[in-house]
Amino acid sequence: MNNIENIYLDYNPIVQEFTEEKVRSGYENLYKEMQQFLGDYELAKHVKVDEVALTHGILDYFTDISRLKKLHGIREVNDIKVYAYQSYWLLRRHPLQIIDNPDNDEKVVFVNEKFVFSRLAKFLMGAQLGSDIPEKKRKSVLNYFDTLYYYLKFRNYDAQMLELFILSFQAGRLVGEHQAG
């Protein structure tokens, strides 16, 4: 007899739908990003990537994408949905696990939120991240990112809300470009 856990953990149809290669590639890419992030922020001695949690996060992401594609008749999802849904499942599954935090450092405590935040910031800003933002716009951009990070740490979120955050940033960028031109 199937119990809820066995039904929930049966990812075989998802792997068949997207192919093992695509699922494995998604896992490997995120794993490498996480390792790079831990190295860049000197967190590798305090935090590890929990491979089981990351695997579940990736498979849950593909499960949601499968549902979206079927529900809306979509062939391919856009980058906005990819980042929103991956971010959501990374935040839910917490694949970055604290090994130790002897100094009670906040950047270690909120490591999953910080990782997701850094991915979203890079996606939204692209090559401009930390560079040539005009001074009068810098404060607005920083306020937006402060709010996003706050939401990731303390507010209720879902993939649709994260998608809206991304879309609102892009809309604001378009309005700013229109006003400047």
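Okay, let's start on one helix: the face of α3 turned away from its buried side carries the exposed residues Glu-21 and Lys-32. By buried I mean under 20% relative accessible area, by exposed over 50%, and partly exposed is in between, with a 1.4 Å probe and protein chains only.

Some housekeeping. This is a predicted model, where local features need pLDDT of at least 70 and side-chain atom pairs count only at pLDDT 80 or more, while totals for chains, interfaces and linings use all residues. Residues are numbered from 1 along each chain as its sequence is written, and side-chain values use heavy atoms, with hydrogens and water left out.

Now the overview. The chain has 9 helices and 2 strands, and along the sequence they follow the pattern α-α-α-β-α-α-β-α-α-α-α. Helices (H or I, at least four residues) and strands (E, at least two) are DSSP runs, numbered from the N terminus. Of the chain's 181 residues, 40% count as buried. A contact here means heavy atoms within 4.5 Å. Take the contacts between residues at least 6 apart in sequence: 74% of them join residues at least 24 apart.

Back to α3. This helix covers residues 20-40, so to speak 21 residues, and spans 30 Å from its first C-alpha to its last, close to the expected 30 Å at 1.5 Å a residue. That expected span is 1.5 Å times one less than the number of residues.

Which residues of α3 are buried? They're Val-23, Gly-26, Tyr-27, Leu-30, Met-34, Phe-37 and Leu-38. These cover an arc of only 100° around the axis, which puts them on the same side of α3; the arc is taken from the directions from the helix axis to the C-beta atoms. An α-helix has 3.6 residues a turn, so residues three or four places apart point the same way. As for partners, the buried residues of α3 pack against α2 (12-18), β1 (47-49), α4 (51-72), α5 (79-93), β2 (96-98) and α7 (111-125).

Let's look at α7. It packs with α3 at an angle of about 105°, with the axes 11 Å apart. The axes are lines fitted to C-alpha atoms, for helices over the stretch in contact, and angles run from 0 to 180 degrees between N-to-C directions. α3 and α7 are therefore roughly perpendicular to each other. Under 35 degrees would count as roughly parallel, over 145 as roughly antiparallel, 65 to 115 as roughly perpendicular, and the rest as oblique. On the α3 side we have Leu-30, Glu-33, Met-34, Phe-37 and Leu-38, meeting Val-111, Lys-114, Phe-115, Ser-118 and Arg-119 in α7.

α7 also packs with α5, at about 170° and with axes 9 Å apart, so that pair is roughly antiparallel. Among the residues in this contact are Tyr-83 and Leu-90 from α5, and Phe-115 and Phe-123 from α7.

Last stop, the loops. Most residues other than glycine have a negative phi, and most peptide bonds are trans. Glu-42, in the loop between α3 and β1, has a positive phi of about 55° although it is not a glycine. Asn-104, in the loop between β2 and α6 (106-109), has one of about 50°. Buried or exposed, then, for Glu-42? Glu-42 counts as exposed at 64% relative accessibility, and Asn-104 counts as exposed at 66%.

His-46 also sits in the loop between α3 and β1, but His-46 is buried, at 14%. His-46 touches Gln-97, Ile-98, Ile-99, Asp-100, Pro-102 and Val-108, leaving out residues up to four places away in sequence.
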